[in-house]
Amino acid sequence: MRSIWNGAISFGLVSIPIKLVNATESHSVSFRQIHTEDGGRIRYRKVCELEDREVTQAEIGKAYEDADGSMIPITDEDLSQLPIPTARTIEIVAFVPEDRIDPLQMGSAYYLAASGAPAAKPYTLLREALKRSNRVAIAKFALRGRERLGMLRVVGDAIAMHGLLWPDEVRAPEGVAPEGGVTVRDQELDLADALMDTLGEIDLDDLHDQYREAVEEVVAAKASGEKPPEAREEAAPGKVLDLMAALESSVRAARESRDGEEAGPAEEAQVRSLSQRRTSSRRAPKETGGKKSTSTAAKKTATKKTAAGKATEPKKSTAKTTKTAKTATAKSAAPAKKTAAKSTAKSTAKKTAPRRRSA
């Protein structure tokens, strides 16, 4: 990674040569301005207002605009003579707990890379000291013509620095919160907590820029002469005036979504199989009444035998009863083509009747 600033970290009397490297990068799709009639490129040119001509970069300098509109020229030599000790130094001024830093102050992030072999030892010393103390370092440094505030913290085996706004650059949240007294009921807080628990956590690495991907698809389609993909029409959410109803609907939708993600295809197939099995066992006896009596007689016969001679083996008799019931159910689910077995079923039912009276 290319360094954007070279200097040193001032840690008391210890000086650590470092290089400043950008810790973030932008992946957003950038566009150029064109003339819509002919596709010509639109460019910005630097023109002097007094001479009405374009000037080169070498002819451009700095100036401060006064209240009356007059320009006060400021040269690079004027800035280089400023009494700023942080011109080439990141000066650590304090160590504080990380929660003392308001996230509103955080700006750009940089990595501090050790510059050369002599910097390895003091660099590691500062890193390990920050780790063991569970604190961050507050520092002052100069970058791009102004002095800035920074926070140094450990990221992996490296030291990172976050640019901070000065405290007076952070606005107070006046007029932002709703006006008037708003009362929130405990039931609403409970539903809000339930919604938070249902949504759960997420791995930030799984998040990606869907807008950028969609823009890239449009660019690729137009570059190949194809029609850009059309956006899916999503149903507009209805207006829910009741906060409790909105929270309950949100919790229910979140739970259904989570259950749908956790359930796999094997579980769905198993549920359908059990449902079909229950339906066939319930509906089949209604179609053939004679076989239903045979099944009942078989169950009662098995129960009578168990009570008379096999009282000491309940598990075995239960197994026989279950086996007999399964056989009767299988017979009841047989195809209707076997019409010749009806007479046999009737005779079996007649023979079974006396046993039922004796029982």
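β1 (3–11) and β7 (89–97) pair in the parallel sense over 3 bridges; two strands pair if DSSP finds at least two bridges between them. Helices (H or I, at least four residues) and strands (E, at least two) are DSSP runs, numbered from the N terminus. This is a predicted model, in which local features need pLDDT of at least 70 and side-chain atom pairs count only at pLDDT 80 or more, while totals for chains, interfaces and linings use all residues. Residues are numbered from 1 along each chain as its sequence is written, and side-chain values use heavy atoms, without hydrogens and water.

The barrel is closed by 7 strands in the order β1-β2-β8-β11-β10-β9-β7, with mixed pairing. From one strand to the next, the twist averages 40°.

Across β1, β2, β7, β8, β9, β10 (146–155) and β11 lies α2, running at about 85° to β2. Such angles run from 0 to 180 degrees between N-to-C directions, with axes fitted to C-alpha atoms, for helices over the stretch in contact (heavy atoms within 4.5 Å).

The largest nonpolar core has 20 residues, and I9, I18, I90, L112, L126, L152 and M161 have the most contacts inside it. A nonpolar core is a set of buried Ala, Val, Leu, Ile, Met, Phe, Trp, Tyr and Cys residues joined through side-chain atoms within 4.5 Å, where buried means under 20% relative accessible area (1.4 Å probe, protein chains only). Among the elements that each supply at least two residues are α2 (120–133) and β9 (135–143); β9 gives the most, with 4 residues. A second, separate core of 7 residues includes V96, L149, M151 and L164.

Definitions and conventions: Buried < 20%, exposed > 50% of the residue type's maximum accessible area, 1.4 Å probe, protein only.
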